[in-house]
Amino acid sequence: MTKLFKEIMNDEQNKEYTKKGIEPLYYTPKSAKIIIVGQAPGIKAQESRLFWNDKSGERLRDWLGVDEETFYHSDMFGIIPMDFYYPGKGKSGDLPPRKGFAEKWHPKLKEEMPEVELTILVGQYAQKHYLGKNAKKNLTETVKHYEDYLPEYLPLVHPSPRNQIWLKKNTWFEKDLVPELQKKVSQLIGKKDDKH
């Protein structure tokens, strides 16, 4: 258990989770080339202690063009969500990540991954935080103009099954962006791009 991990667990903001024996869920391998910034762990991920361990995770890996083994065990992917704890249920899905959380912990965690070349921003919370005023008027426009943010960032829509309608409406995403994403991931993690 690292010093930083203990700091996060002992932080006043997280004490209710720590009391219940719930640990923060993130992953910062020193050799990571890619960081994935999502919203917050879902309840299934938190209970299993495995990030992106659901239907959204399956689709995300599909978009990245990697299998579970590569995603979880290659140490090429860092995972730092906007909140490291499941925030609870809201009216239309999970509650948003807590304010001020990423500001406090992300800079420290990013220092642990000095080789990162690409940060994938999944969903509006990650995009607003990292792109700030450079984000477009809405998520669709931001994702559509993904090339504006390369090579440092690549914004994605959330891979949740709830976004099926969005994907049907925005066919360019899987036609244009996903192959580009797979190419970049493949180059960064040093695999031959066999799919294209």
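Contact here means heavy atoms within 4.5 Å.

## About the model

This is a predicted model, in which local features need pLDDT of at least 70 and side-chain atom pairs count only at pLDDT 80 or more, while totals for chains, interfaces and linings use all residues. Residues are numbered from 1 along each chain as its sequence is written, and side-chain values use heavy atoms, leaving out hydrogens and water.

## F77 and the cores

Let's start with F77. Setting aside neighbours within four places in sequence, F77 is in contact with Y27, P29, A32, I34, I36, L64, V66, T70, F71, V185 and I189.

F77 is also among the residues with the most contacts inside the largest nonpolar core, which has 33 residues; I36, L64, F71, L156 and F173 are the others. Such a core is a set of buried Ala, Val, Leu, Ile, Met, Phe, Trp, Tyr and Cys residues joined through side-chain atoms within 4.5 Å. Buried means under 20% relative accessible area (1.4 Å probe, protein chains only). Elements giving two or more residues to this core include β1, α4, β2 and β6, and α10 gives the most, with seven. Helices (H or I, at least four residues) and strands (E, at least two) are DSSP runs, numbered from the N terminus.

## Strand β6

Both faces of β6 (residues 153-156) are covered: Y153 and P155 are buried on one side, L154 and L156 on the other. Strand β5 (residues 118-122) pairs with β6 in the parallel sense over four bridges (DSSP must find at least two for a pair). V122 stands opposite L156.

How values were computed:
Buried < 20%, exposed > 50% of the residue type's maximum accessible area, 1.4 Å probe, protein only.
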